[in-house]
Amino acid sequence: MSVSQRFFGALSNTLHSRSPFSYRISIPFRSFSPTLSRSSFPPLTMPRKQRQGASKEHRWVEKSKVNELSASLSASSLSASGSSSNTGKKAATDMVAEEPVMPLVIPQFGSIGRVMDHVPACSQKSASKPKAYGTISGSTTVGPSSAPADQMTVPDHGNQTESSGAPAAVSSKLFSEKLLESFTTDSLTYSRAQVRATFYPKFENEKSDQEVRTRMIEMVSKGLATMEVSLKHSGSLFMYAGHEGGAYAKNSYGNIYTAVGVFVLGRMFREAWGSQASKKQAEFNEFLERNRMCVSMELVTAVLGDHGQRPHEDYVVVTAVTELGNGKPKFYSTPALIAFCRNWRLPTNHVWLFSTRKSVMSFFAAYDALSEEGTATTVCKTLDEVADISIPGSKDHIMVQGEILEGLVARIVSQGSSEHMKQVLRDHPPPPIEGGDLGSSLREICAANRTNEKQQIMALLKSVGTSFCPNYMDWFGTDASDSQSRNADRSVLSKFLQTRPADFSTTKLQEIVRLMREKRYPAAFKFYHNFHKADSTTKDSLHFKMVIHVHSDSAFRKYQKEMRINPGLWPLYRGFFVDLNLFKVNEGRSVEFPKKASSGSELNGESAKDDLADEDANLMIKLKFLTYKIRTFLIRNGLSVLFKQGETAYKTYYMRQMKIWNTSPAKQRQLSKMLDEWAVYIRRKCGHKQLPSSTYLSEAEPFLEQYAKRSSENQALIGSAGSFVRVEDFMAMTGGGQDEEGDLEPERDMTPSSPSPMVKETVAKDHGLIVFFPGIPGCAKSALCKEIMSSPGRLGDDRPVKSLMGDLIKARYWVKVDQEYRKKPYSIMLADKNAPNEEVWRKIEDMCRSTGASGVPVIPDSEGTESNPFSLDALAVFIFRVLHRANHPGNLDNSSPNVGYVLLMFYNLYEGKDRKEFETELIERFGSIVKMPLLEPKRPPLPESVRSILEEGLSLYKLHCRQHGKLESTKGQYAKEWTKWEKQLRDTLSTNADYLNSIQVPFGVAVEKVIEQLQAIAKADYSPPSTEKRNLGAIVFAAVTLPISEIIDLIHNLRMKDPRVEGFLKDKDLKSSLKNAHLTLAHKRSHGVTALASFAPHLNQNVPVAVSSLLFSDTLAALEADPGVVDGEKIDSKNEWPHVTLWTAEGVKAKEANALPQLLAQGKATRVEINPPTTITGVLQFF
C-alpha cells in the first residue's frame, strides 16, 4: 500500500458525516507572499524497420583505437550534444557508434537488493500523502533506490567538505581508477534503472482543436468526465526529489537553473513556516527521499530570462506530485496535489472544474471571447463566474507575475473529481502563513554576485541553508574531482543496453531507449557520475545519472504513435532523469532473482485514468492569449529575423504567425501597425546589434507602455504595460542567454529561421513562376524539364518558359537563376537542380520577395517514413535510375564509384521531417505544391534484401559522418566498407530490377499529372491544401441568424397591407441592401464576456423568434423581435430592445437602431404592428 493510500484510507472514514458542498464553490486562498526487435547492428546504428530476413553478415561498428584510453575521465575524452551546465561541463551523449552488442537475455528473475522499511518522515499532518484521484491507481512499494544487498555499504559522511559533503577518499576512488573502462558486461552483469525525476508526458493531440473541444464537451455532457482548467504561469520547469534525489531543470541539473529553483523553493518554506522553516525543510527532504517522490513546479523568476512579462516576485507553483517508487511514475490528481501542498504549505495553482455541459461550453465561449484581449484579471473573473468550482491559487497571478497571462490548460479528468475536490477543500483548509525574516532575496543575491555563474550558484546555495541543501555535490562535484569529473563516458549507454535488467522498471526503460535509438528520434542520452552514490561505488558496482533529452517535439508525436501500437510501452516523459546502477553478481547469486525483470504489474506505476479510455484520458488543450503571444512570438522570437533579414522579412514573419493563429482581421491590422513601428524603433535604437532576447523586455516594455497610452484601442491590444522591472543588474549568469526551456533565441551568430510567408489563398496569375525541385538525384526532374521545354505553350500560358540545368552551371547556380529570371520577370523559370534544404528554400523565397514571383515546389510523391519525407521504396528507385544513367553531365551515373553514398547523402538532407511536416512547410512557405507520381499505390512490399542493403548503407553513412563529416566515401577509415557496400548495392538492385521497374508510375503519366497541376497554378486556378489544424477565432457577440428570404417575404406582406410601409420602402431596395439579418443576444463590450458565454450551450441550435412589429425613422428601420425557448430554456437577449436591423441611411451605424423606441416616444419614428406576431426560426451563432 502506498503512502497516499494509507493516508486516504484513514481520511475517507471521516467524510460520510460531513455536510455536502453547494454546487458552486469559490474558496478564498490566502497568498503565500508576506507582502527490437533486435537486429544485427549495434543499437545506435540499428536500421529502421529491421526485418527478420535482414542480412546478418554486415555489422558496421566504429573501429577501435587502442591507444585512446586516457588515465582519467577528462574533458578531452568526452563529446557532448548539449550542455547541462554553463560552467564548462559537457555531458557524454549517445552520438557515436559502439561495439557490437552481446545477445540479450531477459532473465526470469526479480529485483535485486533490499527495499528499506518505510519510516514516517514527519508528523501525520505534514507528512501525509493523499490518495491520488484521476491519475493514480494501484499500489506500489515505496522505498529508496538501493544497490544489491551484498554490495550495500553504510555511508560515512564524517569527512565532508563544505562544497561537496562527500568523503574525499571514496570520491577519489571513483574518479582516479578506470572503473568504467574496466567494467565489462557478461551473463552476470545486471543493471537497475529507476526514474528519479520526471514531469508529465508531452501529449500532442492528433485531432484538431475543434475535435478535442467537441469530444471534451461530449464526455462532460454524458457525465463521463469533468474538465479541469488551470492557469499557465510563464516560467520554466523545475523538479525537486529531495536533497539526495536531486534538483532538476527540464533537461539538466547542477547548474544555475536548479540553484535558483532550490533557493526559491527554500524561500517558499521560509514564507510559509517562519521559525519552523529549517525543521520543515529537513523533514520535506527526508519525506521525498524515503518515499521516492518528485515534486514538479513552474519556476517563475526575473533572473533567468524574459518571457511575456517580468514577474513582480520570484516564486514557484506546484504543477505535479509524482510517486516514483520502484516502477512506473504515478502522478497525483489535482485534488490530491492540493491536499499534499496544503500539508506542506507549498504554493498551488488556480484551478477551475467544469462538470456540466452548460459550464464547459460557456468556458470555451469565454476563452474565444477573451483570446485576443484577455489578461489575468478578466480571465480569472470570467472563469470564476462560469465554472462549477473555483479554487484560487495560493499565489495570485496578478500580484506575483502580473496581468500578462500566458494561457490556460484544459484537460479531461475523472467524473468524480468534483466530489473529491470538495472533500479535500473541507479537510485541508488554506494553511496559515508564518512569515518572518526571509533574508536576502534572489535578486539581491544575484546582483551582489555577478562575477560568473559558479559564484552565483555558491551564493544561492549557501543562502538556502544546510537544512535544505546540506552539500553542493550536484553543482561542484567533490574535492577529489576536477571540473569535468561529473561527466561519464558515452560507453555507459552501450553497457546499460548489454546488461540484464534486474527488475521490471529497468526492462521498460531499456525498451524506451532501444526504441528511440532504433527509430532515430531526435534525442540524446547523457550520463553523469552519481556523486550521491560515490560511497557505494566499487569496481563491480557503478552508479550514474541518465538524462533523456528530447530535442524536438516531433519525437513525442512519433513516440505516441508507437504507444498506440504497443500499449505496454512506458511514456516518454518531459524532464526524464534516471538513476542507473551497473553491477555484477556472483555466479551462484543469479538464481536469487525473481521474475520481475520480465513481468511486472502495470498497476504498480500506472498513471490511472479512472476508467477513461487512453485516448480520452490524454485529452488536453492549451489555450494561449494574444497579449502574451505578441511579446514572445511576435517581438522576442522575431528579433533574429528583424535584425538579420530586415523589416520586410520581419513583416512576412509576423503576418504568417497571425495567419496560423487565425487572428481576426481587425487585430491583424492593429498589430501590423504596432509591429511596423516597433521594427523601425528598435532598429534605429540598436543599429545592427541585435537586442538580446533574454532581456528584450528592457526595450519592448517601455515601447509598449507608450504605445498603449495613445488610445483605448492600443491599450486593449497590448493588454497591460508599465509595470516595468529592471533586470540587468541581477540577471543570472546563464552563459549565452539560452534559457533552460529552450524558447529564447540564442545570442550566437546563427542563420535564422526563414520568415515563412503566410499560406496563400491562390497563386497570382500576373506574376512569374520559379519552379524548383526539393528532391533527390534520380527523381526525374531533368527529364520532366525537357518534356516541358519540348512543347512550348504546354503549360497553357503565353509566358516564356526557360530551364537552367544545375549540372551544367555548377557554381553559384541560384545567383544565375536570379539573374536570368530578372531579365524576364513574368516568365516561368524551371530551376533544374535539387533543392533539398531550408538554406536553398530561403534563397528562393528571397528571389520571390524581390521579384514578385511565386515559388512552385515540385516533389516526388512518396509515403515517407517517420523521420524522412521519402520512403525506402522511393530511395531504391532513385538509386536504380541513377545506376542506369550513362554520360550524365553531372558525372553521377553508372560509371560513378559512389552512387549509393551520394544518394544517401541527399536522402539524409531531409532527415528529421516526416512527409506531412515536409509538405506543410513547403505549402506554408510558397503557397503551392506539385506532386509528381512516382510509385504505383498497389505494389508489392519492398523486397527484404533491398530494404536490408539500404538500411546497412544508412547505418554506415551515419558512422562515416560522425567520424569524417563531409569527407568522400572513397577516403577515410571506412573506404573499404564503402567499396564493398556499393558493390553489394548494385548486385542487389540488379537482382530486383524487374520489381523496381514494375512499381514505378509510367513516366508519361507522371509528366501529364505534373503539367495539369502546373497549368492550374499558372492560370491562378489553384488553392493550396489546408495545412493547419482548424483554429477558432475570437468572438465578439452572440446572435440568432435569420433567413433573409423569410424577412423579405414578411416585409413584402407588410407593404401590401400598410401604405405607411409602402411609402417608407418605395425608394429602398431591401433585396439588394439586406445582406444578413440577425437578432443580437449579447455583445462582449456591452454585456460582458460571461453574458456572451452563457449562450454557448445553445450554439448552432434552432431558435424560434417572434417578430411583433416594424419600427422605422428617416434613417433607421428594424423589426422588434423576441427569441423563444430552446430545450425548455427561454433565450433572452441582453439588449434592452431586442430587434433585427433592416436598414440604415448612409453614414448611420447599425447599432443606432437601439434608439428606435426612444425616437418612437419622441414622435420621430413609426411603429407598424404585426398581429399576430410572425415566427421565424434562426440559428444561434457566435460572431
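Predicted model: local features only at pLDDT ≥ 70, side-chain atom pairs only at ≥ 80, totals over all residues.
Let us start with F880: setting aside its neighbours within four places in sequence, F880 is in contact with L989, A993, L996, N997 and Q1000. F880 lies in helix α31. Is F880 buried or exposed? With a relative accessible area of 5%, F880 is buried, because buried means under 20%. F880 and R986 are 106 residues apart in sequence, yet their C-alpha atoms are 8.3 Å apart in space.

## Residues that meet across the sequence

V424 is found in helix α13, which covers residues 417–427. V424 has a relative accessible area of 0% and is buried. Its C-alpha atom is 6.2 Å from that of P335, although V424 and P335 are 89 residues apart in sequence.

Q668 lies in helix α24. At 17% relative accessible area, Q668 is buried. Apart from neighbours within four places in sequence, Q668 is in contact with M655, M658 and T663.

K1134 belongs to a loop, the one between β28 (1129–1130) and β29 (1139–1144). Its relative accessibility is 41%, so K1134 counts as partly exposed. Which residues does K1134 contact, leaving aside its neighbours within four places in sequence? They are L1081, A1082, H1087, A1091, S1094 and F1095.

The table sets out the sequence and space separations for these residues.

| Pair | Apart in sequence | C-alpha to C-alpha |
|---|---|---|
| F880 and R986 | 106 residues | 8.3 Å |
| V424 and P335 | 89 residues | 6.2 Å |
| K1134 and H1083 | 51 residues | 8.2 Å |
| Q668 and Y654 | 14 residues | 9.6 Å |

## Two pairs of packed helices

Two packed helices are described by the angle between their axes and the distance between the axes. With that in mind, look at helix α21 (residues 626–636) and helix α24 (residues 665–686). They pack at an angle of about 40°, and their axes are 13 Å apart. That angle makes α21 oblique to α24. The crossing of α21 past α24 is right-handed. On the α21 side, L626, I630, L634 and I635 take part, and they meet K667, L671, M674, L675 and W678 of α24. Sorted by class, the residues of this contact are eight nonpolar, no polar and one charged.

When you look along a helix, one rule is handy to remember. An α-helix has 3.6 residues a turn, so residues three or four places apart point the same way.

Now turn to helix α30 (residues 838–851) and helix α33 (residues 915–926). Here the packing angle is about 20°, with the axes 11 Å apart. Are α30 and α33 roughly parallel or roughly antiparallel to each other? They are roughly parallel, because angles under 35 degrees count that way. The crossing of α30 and α33 is right-handed. In α30, the residues E838, W841, R842, I844 and E845 meet F918, E921, L922, R925 and F926 in α33. This contact contains five nonpolar, no polar and five charged residues.

## Backbone details to look for

N887 has a positive phi of about 55° although it is not a glycine. You can find N887 in the loop between α31 (872–883) and α32 (899–909). N887 is exposed, with a relative accessible area of 75%.

N1100 is a residue other than glycine whose phi is positive, near 65°. N1100 sits in the loop between α42 (1089–1093) and β25 (1102–1112). Its relative accessibility is 53%, so N1100 counts as exposed.

Finally, look at the peptide bond from N1171 to P1172. What form does this bond take? The bond is cis, with omega near 0°. P1172 is found in strand β30, which covers residues 1166–1182.

Technical notes
Residues numbered from 1 in each chain as written. Heavy atoms only, no water. Axes fitted to C-alpha atoms, helices over the stretch in contact; angles between N-to-C directions. Helix = DSSP H or I, 4+ residues; strand = E, 2+ residues; numbered from the N terminus. Parallel < 35°, antiparallel > 145°, perpendicular 65-115°, else oblique. Left-handed = near helix turned anticlockwise from the far one by under 90°. Contact = heavy atoms within 4.5 Å. Nonpolar A, V, L, I, M, F, W, Y, C, P; charged D, E, K, R; others polar. Buried < 20%, exposed > 50% of the residue type's maximum accessible area, 1.4 Å probe, protein only.
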